[in-house]
Every structure is written in structure tokens, then in C-alpha cells.
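Student: I would like to learn how to read helices and their packing. Can we work through an example?

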Amino acid sequence: RQQRVFPDQREVPQGVDLTLAPAIASLAVPEASKKQALLLCTKLDRNEKSVGSPNDEGQRRARYDEMRAAVLATLKGLEEKPELAEEVCRTYGEAAQECVFR
């Protein structure tokens, strides 16, 4: 069974601040690890085009907001498992080079 990283239809409550940079900055990991995670998070926060993403900014923003909510949930989960934070940051950095829209 394959685990999905991002849910298909995650609802994002209106008014929820999904900006990821402050959450990344608060992690107790080396600065180099934070920079890796920010590669992906900045792309999502800025609604930057990615291979495979639609030209329509609204459609792209809707999907990126789902991803941002999933990233924030993961970062919140790191409060209970801080030993995984550096690996999560590295993985986010690697994902930034991929087609994040799919």
C-alpha cells in the first residue's frame, strides 16, 4: 500500500495563516537544514509555477494551500518527534527540485 504525502482533498479553513517560513525558522535544526526546507516552502508560499502546474494562479494556489496545510501539520507533529526535524527539512529540500504540483 502506497502512502500519500499530500491528501487529495484537504480542506483549509479560511483565515488560517499557512505561511511556512516562520514554522521552519522555529525548528531546532542547523541553519543549512532550514535553508533546504525553505526551498520548497518558499515555492509554495509564493505560488511559484512548477513543472506540471496549471497556468491559472487560482487553481495552483488552491493545490499549494493543501500542500502547505500538510507541511504545517507535519511540522506540528515534529513537536513530539523533534529528532526527525532535520530529515524532514532535507526531504523538503529535495522535493523542491521535483514537480511539486503532482
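Predicted model: local features only at pLDDT ≥ 70, side-chain atom pairs only at ≥ 80, totals over all residues.

Student: How far apart are the end C-alpha atoms of helix α3?

Tutor: The 21 residues of α3, residues 57–77, should span 30 Å at 1.5 Å a residue, and the end C-alpha atoms are 30 Å apart, which agrees. At the start of α3, a side-chain oxygen of D56 comes to within 3.0 Å of the backbone nitrogen of G58.

Student: Which residues of α3 are buried?

Tutor: An α-helix has 3.6 residues a turn, so residues three or four places apart point the same way. The buried residues of α3 include R60, Y64, M67, V71 and L75.

Student: What do the buried residues of α3 pack against?

Tutor: They pack against α1 (21–25), α2 (31–45) and α4 (85–95).

Student: Is R63 buried or exposed?

Tutor: R63 lies in α3. Its relative accessible area is 13%, and because buried means under 20%, R63 counts as buried.

Student: How do the axes of α2 and α4 cross?

Tutor: Two packed helices are described by the angle between their axes and the distance between the axes. Here the axes of α2 and α4 come within 7 Å and cross at roughly 40°. That makes α2 oblique to α4, and the crossing is left-handed.

Student: Which residues of α2 and α4 meet?

Tutor: On the α2 side they are S33, Q36, A37, L39 and L40. Their partners in α4 are E86, C89, R90, Y92, G93 and A95.

Technical notes
Residues numbered from 1 in each chain as written. Heavy atoms only, no water. Helix = DSSP H or I, 4+ residues; strand = E, 2+ residues; numbered from the N terminus. Expected span 1.5 Å × (residues − 1). Buried < 20%, exposed > 50% of the residue type's maximum accessible area, 1.4 Å probe, protein only. Contact = heavy atoms within 4.5 Å. Polar contact = N/O pair within 3.5 Å; in protein donor to acceptor, adjacent residues only side chain to side chain. Axes fitted to C-alpha atoms, helices over the stretch in contact; angles between N-to-C directions. Parallel < 35°, antiparallel > 145°, perpendicular 65-115°, else oblique. Left-handed = near helix turned anticlockwise from the far one by under 90°.
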